[in-house]
Amino acid sequence: MAAYGPVRWVAPLLYGAVLVGGLYYAAAGLGDGPEPAAWRVSGFVAAIGALFALEAVGRRRPGARVPLLLARCGLIGAVVFLDTSGLSQVLFVLLPFTAYFAFGRTTALALGALCLAGPLTAYLLTAPGWYRDLERVSDLLMLSVGLVLAISMAAVAVGEQRARLEVEKYAARVAALSAAAERNRLARDIHDSLGHHLTAMSVQLEMASDFRALDPDAAQRALTEARRSVRLALGDVRQSVRALRGEAAHPTLAAALAGLTHSGAASPRVTVEVNGDEDGYSTAELTALYRAAQEGVTNARRHARATRVTVAVRLAEDAAQLEVTDDGRGFAPDATVTGFGLLGMRERVHLVAGSVEIDSGPDSGTRLTVTVPRGKTGER
């Protein structure tokens with residue numbers, strides 16, 4: 001069993017009460033016999049002081065559980081022997097109490113039984129008929145009650161500490177999962193925003209380089225588009241920063257998709273058609289549709305050598321469907337190594353309970369179909 005921390009104020013409080021009570025008993029001469037010898041009172045005070053010091057050592061060296069328990073047993077035995085008031089017997093309850101934290105319930109119950117058996121054995125050996133003595137019976141009953149309460153208090157404290165540790169571990173796991181989810185989200189956002197614009201800039205600059213001598217006007221148009229892509233990339237960076245600060249303002253899906261029609265070079269030609277009402281769809285659902293469309297257009301522009309790309313969105317009452325089709329060279333989806341773009345798109349769509357289908361083949365174009373149910377994320 002893992003060692004738990006005992007309630008620190010219990011033992012010093014009992015030590016202080018026993019010290020004050022024992023000294024008052026000796027000073028007031030409350031006993032029936034002669035006053036206790038000075039050495040006995042001095043030893044009593046010294047033993048209580050040693051118990052206080054033992055608590056300080058236990059806080060500094062919590063791993064020395066067995067030596068601490070043995071030392072506590074010896075010092076409490078010495079205090080009980082030196083104390084003439086009999087009040088110090090209450091310290092026996094500390095043995096199972098502290099043992100519960102260090103060794104568990106079984107050890108605490110065993111020590112509690114031994115603490116009760118000690119005075120009972122002494123009564124049997126030294127006081128015949130003790131069971132008719134009201135004072136001795138009362139002391140034994142009070143010790144029993146004290147042991148039960150001490151063990152119960154220790155059990156409650158250990159249970160509370162165990163629950164707190166479980167909550168802390170759970171919180172740490174949640175934090176780790178949240179950090180991983182946030183890293184994945186940032187990776188998708190970087191790929192879908194900056195990656196898209198950098199891809200467009202790469203294509204446009206290649207065109208400018210290729211047509212610089214053959215067609216200066218085409219090269220200039222490509223450079224103009226590259227500058228525009230730079231501005232769009234900076235805009236996406238600012239929007240991402242605002243999103244991290246909780247200040248992002250999201251455009252409508254139709255407006256965002258309209259930007260795809262002129263976010264690249266002259267080829268391929270992109271047409272966009274949006275039907276239906278966006279009301280009732282969360283920001284996450286609309287973002288998943290837009291990023292999927294963006295990924296489809298980027299792949300058609302960069303890899304498919306397409307001349308025409310069509311983006312069609314139908315926003316129905318129960319679900320939204322996006323189709324991105326191109327007339328490019330296509331590919332074999334089952335045999336293609338999935339890149340970060342398609343992976344991030346699938347993750348984003350799956351987070352809103354959607355589905356992704358890719359229909360393509362060599363020299364037969366590509367159709368990307370994304371279906372997102374309405375209102376599944378609970379976010380507005």
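**Rings, charges and salt bridges**

Q: Which ring does the charged end of arginine 374 sit over?
A: The ring of tyrosine 281, with the charged end 5.7 Å from the ring's centre. For a charge to sit over a ring, NZ of Lys or CZ of Arg must be within 6 Å of the ring centre and within 35 degrees of the ring normal. This is a predicted model, where local features need pLDDT of at least 70 and side-chain atom pairs pLDDT 80 or more, while totals for chains, interfaces and linings use all residues. Residues are numbered from 1 along each chain as its sequence is written, and side-chain values use heavy atoms, without hydrogens and water.

Q: And what about arginine 40, which ring is under its charged end?
A: That would be phenylalanine 81: the charged end of arginine 40 sits over this ring, 5.4 Å from its centre.

Q: OK, rings next. How many aromatic pairs are there?
A: The structure has 4 aromatic pairs. One of them joins tyrosine 15 and phenylalanine 52, edge-to-face, at 5.5 Å centre to centre with 75 degrees between the planes. (Rings of Phe, Tyr and Trp, the last by its six-membered ring, pair with centres within 6.5 Å; planes under 30 degrees apart are stacked, over 60 edge-to-face, the rest tilted.)

Q: Where do tyrosine 15 and phenylalanine 52 lie?
A: Tyrosine 15 is in helix H1 (residues 10–28) and phenylalanine 52 in helix H2 (residues 38–60), so the pair links distant parts of the chain, 37 residues apart. Helices are DSSP runs of H or I, at least four residues, numbered from the N terminus.

Q: Is tyrosine 15 buried or exposed?
A: Tyrosine 15 is buried, with a relative accessible area of 0%, while phenylalanine 52 is partly exposed at 32%. (Buried is under 20%, exposed over 50%, partly exposed in between, with a 1.4 Å probe and protein chains only.)

Q: Which residues make up the aromatic cluster?
A: Tyr123, Trp130 and Tyr131 form one cluster. Within it, tryptophan 130 is buried at 14% relative accessibility, whereas tyrosine 131 is exposed at 53%.

Q: Changing topic: how many salt bridges does the search find?
A: It finds 6 in the whole structure, a salt bridge being a side-chain nitrogen of Lys or Arg within 4 Å of a carboxyl oxygen of Asp or Glu. Among them, glutamate 55 and arginine 72 meet at 3.2 Å, N to O.

Q: What does that pair tie together?
A: Glutamate 55 lies in helix H2 and arginine 72 in helix H3 (residues 65–82), so the pair ties together parts that are 17 residues apart in sequence. Both glutamate 55 and arginine 72 are buried.

Q: Which arginine forms a salt bridge with aspartate 133?
A: Arginine 136, with the closest N and O atoms 2.6 Å apart. Aspartate 133 is partly exposed at 26% relative accessibility, and arginine 136 is partly exposed at 30%.

Note on methods. Helices (H or I, at least four residues) and strands (E, at least two) are DSSP runs, numbered from the N terminus.
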